[in-house]
Amino acid sequence: MKAVRYHKPKDVRVDDVEEPRIEHPRDAVLRVTSTAICGSDLHVYNGLLPQLREMTLGHEFMGVVEEVGPEVTNLRPGDRIVVPFPMACGRCWYCTNGLPNSCANSNHLHGPEGNVLKGKGAGLFGYTDLYGGKDGGQAEKVRVPFADYGPRKVPDHAKDEQVLFLTDILPTAYEAVRWGKVKEGDTVAVFGCGPVGLLAQRLAKHMGASKVIGVDVQDYRLDMAKRLMGSVTVNADEQDPDDFIRGETEGRGADVCIDAVGMEADRNLLEKVGALVHLQRGTMKVLRHCFGAARRGGRVSIVGVYGVPYDNFPLGQFFDKNLEMKGGQANVHEVVDELMEMVLAGKLRADDIITHVRPLEDAPAMYDIFNRKEDGCVKVVLKP
Ligand SMILES: [Zn+2]
Ligand SMILES: [Zn+2]
């Protein structure tokens, strides 16, 4: 079958590989009908996360069940499912205490430390050997471990594009606003107008925010924030976003700042800096803005991916301003059902951020275009 394989930084190819098989009684094999490229796939693509061997990428995918192991009694061949991107057993301490994204049984490097190279959380599909080393879903087929726990069935009437983003970016955006405790009347500033940032802006409105401010450096993304999400926008290359946000909030700052950038593999950044230490400095910028632009007693919510320790963390400012902060990978399993209901009831849409739908074979070109932020690219869906 065809699969999108990571070879080395900036080198992904569509290769012929062996089809996946049931390896464990709780496995399912899925025929993928739609899969998306995620901003965090670019961290692997750009070599920000180390990966030495080839692997199939992709953690945002859905499709039709082809085969199930003997312990998967809730799914049948022919069922359409979406699959949360963290792999979770549903039985360990973490899974039974509301933290399936920290599942102890899906990643051989799992542990309590949360270090750069060990003590990680749950395994993630197609997301390097640090996160379980399991092949992802940018392929014609994928093996889904713990298939009796993670996957959610999709009714026939729902289109792929309507529900595909329940795998990651919609729950991630939802976690961003939940962690920020967004409530009626809040002003919410969202740093990053990529897919997660855009959807976080929409969900902040859903939760009653009276003003949402989108921050980015790409005008085409800011246009989308304005046009689709009804946000006020500021281009951080042209104007200091902290000043702008204070100007929109009687000088106080935003009630909630959301970091939907993280260690973003930004082209300008990568061109300017090669050394890891410089990269760290570069990525501190977004978090500094969140701390700077939040009001005293405000909340900072981080869903952009960070991978390494950072020097000069603004702890003094955090303390002085009485800030609250929470971040991490989304707990997809915990929120996916609620979001599925909203989507199926027509109360929430996410498919309007899709800018490119292409055959799987186009993956290498689409990684390049998405990475360079060319062709107005916000979200790519691949069709195997
Ligand atoms: Zn993703
Ligand atoms: Zn578990």
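## His-289

At 17% relative accessibility, His-289 counts as buried, a class that means under 20% relative accessible area with a 1.4 Å probe and protein chains only. This residue belongs to helix α8 (residues 276-293), and, leaving aside residues up to four places away in sequence, His-289 touches Phe-191, Asp-240, Pro-241 and Asp-242, where contact means heavy atoms within 4.5 Å.

## Basis of the values

This is a predicted model, in which local features need pLDDT of at least 70 and side-chain atom pairs count only at pLDDT 80 or more. Residues are numbered from 1 along each chain as its sequence is written, and side-chain values use heavy atoms, with hydrogens and water left out.

Cys-38 lies in the loop between β3 (28-37) and α1 (41-45) and Asp-168 in the loop between α2 (160-163) and α3 (169-179), so the pair ties together parts that are 130 residues apart in sequence; helices (H or I, at least four residues) and strands (E, at least two) are DSSP runs. Cys-38 is buried at 6% relative accessibility, and Asp-168 is buried at 5%.

## Met-55

Met-55, in strand β4 (residues 55-56), is buried with a relative accessible area of 0%.

Conventions:
Chains lettered and ligands numbered in written order. Buried < 20%, exposed > 50% of the residue type's maximum accessible area, 1.4 Å probe, protein only.
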